[in-house]
Amino acid sequence: MVKSKSLATTKRYKRIDYIGKRSVDIINEMYSPIDSINRFINLALDTIGENSQSRQFLLESKQGIRKASALLKRLDDYAKKLEKEFKEISPRG
Amino acid sequence: MDKNKILIANGDRLSQKSLYEMLCRNGYGVDITKSLPEALNRLNEIAYNAVILDTHEAGKEEFLKTVDKVSSKSSIIILTSYGNIEFAVSSIKMGAFDYLVKPVEDEKIISSIERALTSRAAVPVKDISKKTAPQKDQTYHGLVGDSQVMRDIYTIIGRIANSRATVLMCGESGTGKRLIAHALHKSDKKRCGRPFVEISCGGLPREIIESELFGHTKGAFTGAINDRKGRFEMADGGTILLDDIDCLPLDLQVKLLRVLQHKEFERVGDNKTLKVDVRIIASTNQDLEKAIAEKRFREDLYYRLNVISLHMPPLRERKEDIALLAEHFVEIYAKENHKPINGISKDLLDTLTHYSWPGNVRQLENIIERAVILDTDNVIGKEDLPDIIFNGTAGMNNGIKHDIISSLRDVMQEPEKIYILRVLEEVGWNKKKAATKLGVNRTTLYNKLRKYNITSGAEKN
């Protein structure tokens, strides 16, 4: 009885561990397109006129990208903190 | 016109395209490769000033290997989505110039590239040595060299590695006989995981050497307070290197012959016969046939040892390896001394190539170590070399100009003698200090002193 409970706990930890790792991977993979989009926006801003309306749209997009990046960063930091804590917990419960 | 050539390697299409456009706009000449192997091929064809390596979590090991290979050719800037301290440290250790985590501002990338270029530009003509850094096929289990003679040695090692044959290595002091023994041991599939034990037969008195080789039992002699295993027992299953085999006393040569023939021996003070399975490698810098003629070495032992004979050439006979070796040692000692050495000047390489190297690779290693420590501008130049290199070269040239036609060996011996004398003078004729400074053991130094008939003024009187 104790053994099967312990096995179930271990399985649950493994599942959480897996989900956590996949989430961190996704967060990290997200940085790459965000980085590229930000660079393309910069390139577009370089080629567009100072008073163009499109410039405003691009600047707004850049703000949006910054916000998305900041959100991911918070999530990443939280995941890393959890990962550290998780490592300290014995999976044997 | 392009400021500098940059290669963008790896990464997804979006990332590559955005970097390409941004760098082109900033005046760089940019090429893109989709994979790491493709990047390596491109680097072999074109000299890039910097490489931006984009990496993912997967394939980290392959990535680090690429960094290791590429860092000698171009400055590497790593661009990754995975901000991981361990990976950053490994990358920098492998030779990466900078490590940037996405998302990263364009200014930061440009700044990193410019710093990388400045650090390389500091050595305009001088960084040629980086192009000659030892590649995988130019080294063999720690042996460095791309000359035909070294390639032949690698082939022989490969052929005999898995045999049980005893090997006799000859060659001047400092040529790397010990490294050959190591290479043989590491190449031997059966023994590589077992001990590699070495002993210098020249550095110890007769009583100690017997006990060191074969072990002793408690009470076998004064001071034998415990049973002790000898080197042969320690090496059981592995390899033993008997360095300076010519110095082994005659009675112990008989005992060694028995080990060679029957793989058995007794500890000092014991009757119990022990059996071992050891590959024996012997080395010497002396002419063993001459030692046989002088009754200092047993002929039967010589033939037993000389199943496979390997001759390690002196450095002056493989000058094409000097640049590779110098670069190899610079890398080692720059790391060891935490010095950011960018390269070796062309002048220095020319000087090193023209020197006669009486102390062989060991002397080159010592001189490079000294140069790395003394260097102040991150480029090893002629000013970092000791005077002996310049005097030694001149001395040798003068020797060749002599009217009396000497043999090559005589001509080569002259600078060696001059160098030994100079070092002895420097250390006040302290043989121990001189041997350390010359990078040879004391027995070798004594042999050289005998050979060149060198004695101090005090000894003459």
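How are α13(B) and α14(B) oriented to each other? They are oblique, a class left over once angles under 35 degrees count as roughly parallel, over 145 as roughly antiparallel and 65 to 115 as roughly perpendicular.

## Model and numbering

This is a predicted model: local features need pLDDT of at least 70, side-chain atom pairs count only at pLDDT 80 or more, and totals for chains, interfaces and linings use all residues. Residues are numbered from 1 along each chain as its sequence is written, while chains are lettered from A and ligands numbered from 1 in the order in which they are written.

## Helix pair in chain B

Helix α13 (residues 322-336) and helix α14 (residues 346-354) of chain B pack at about 120 degrees, with axes 10 Å apart. Helices (H or I, at least four residues) and strands (E, at least two) are DSSP runs, numbered from the N terminus. Axes are lines fitted to C-alpha atoms, for helices over the stretch in contact; angles run from 0 to 180 degrees between N-to-C directions.

The crossing of α13(B) and α14(B) is right-handed: the near helix is turned clockwise from the far one by less than a right angle. I322(B), A323(B) and A326(B) of α13(B) meet L349(B), L352(B) and T353(B) of α14(B). This contact has 5 nonpolar, 1 polar and no charged residues. Ala, Val, Leu, Ile, Met, Phe, Trp, Tyr, Cys and Pro count as nonpolar, Asp, Glu, Lys and Arg as charged, and the others, Gly among them, as polar.

## Parallel sheet

Chain B has an open sheet of 5 strands, ordered β2-β1-β3-β4-β5, with parallel pairing. Strands pair if DSSP finds at least two bridges between them. β2 (29-33) and β5 of chain B are the edge strands, each pairing on one side only. The twist averages 20 degrees from one strand to the next.

Strand β3 (residues 50-55) of chain B pairs with β4(B) over 6 bridges. D54(B) stands opposite L79(B) in β4(B). Strand β4 (residues 75-80) of chain B is joined by 4 bridges to strand β5 (residues 98-101) of chain B. There, L79(B) has L100(B) as its bridge partner.

Helix α2 (residues 36-45) of chain B lies across β1 (5-10), β2 and β3 of chain B, at about 155 degrees to β1(B).

## Chain interface

15 residues of chain B are in contact with 16 residues of chain A; contact puts C-beta atoms, placed from the backbone, within 7 Å. Helix α1 (residues 13-25) of chain B gives the most to chain B's side, with 7 residues. That side divides into 6 nonpolar, 3 polar and 6 charged residues.

How values were computed: Two residues are in contact if their C-beta atoms, placed from the backbone, lie within 7 Å.
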